[in-house]
Amino acid sequence: MESSIPELLVAGSRLMLIGMTIVFLFLALLVGVIHAASRLIGRYSPEEPVALKPASAVPVRSAGGEDEAEIVAAVAAAIHRYQNK
């Protein structure tokens, strides 16, 4: 049985369309599962409290004469605020 070129092109296009549809549906399903898992993990996982050391307990090297304890406290506060978003 010989097939003509137009028949082969139609069969190839049909196969390509079926394959692309299957891949698209699989990727859409994968994205949905990942989003659902992310929401479930975010909802049910307990957040660990961040234990920050007071600025005075953090060892500070004085290099330039500035009060680096204030800088360390500001950085620690910024990190704490970022993590509690």
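I take buried to mean under 20% relative accessible area. The model I am reading is predicted.

Entry on the chain. I looked up burial first. Buried residues make up 0% of the 85 residues in the protein chain. For secondary structure I found 2 helices and 0 strands. I noted an accessible surface of about 8100 Å² for the protein chain, with 67% of that area on carbon and sulfur atoms.

Entry on helix H1. I checked its length against its residue count. H1 runs over residues 5-44, and its 40 residues should span 58 Å at 1.5 Å a residue; the end C-alpha atoms lie 58 Å apart, so the two agree. I also looked at cover: H1 has 0 buried residues among its 40 and is hardly covered.

I listed a nonpolar patch of about 480 Å², made by Val23, Phe26, Leu27, Leu30 and Ile34. Of these I followed up Leu27, which is found in helix H1.

Definitions and conventions. Residues are numbered from 1 along each chain as its sequence is written. This is a predicted model: local features need pLDDT of at least 70, side-chain atom pairs count only at pLDDT 80 or more; totals for chains, interfaces and linings use all residues. Side-chain values use heavy atoms; hydrogens and water are left out. Helices (H or I, at least four residues) and strands (E, at least two) are DSSP runs, numbered from the N terminus. Buried means under 20% relative accessible area, exposed over 50%, partly exposed in between (1.4 Å probe, protein chains only). Accessible areas come from the Shrake-Rupley method with a 1.4 Å probe; for residues, only the protein chains shown count as cover. The expected span of a helix is 1.5 Å times one less than its number of residues. Patches are made of residues with over 30% relative accessible area and no salt bridge: like charges are joined within 9 Å, nonpolar side chains (Val, Leu, Ile, Met, Phe, Trp, Tyr) within 5 Å. A salt bridge is a side-chain nitrogen of Lys or Arg within 4 Å of a carboxyl oxygen of Asp or Glu.
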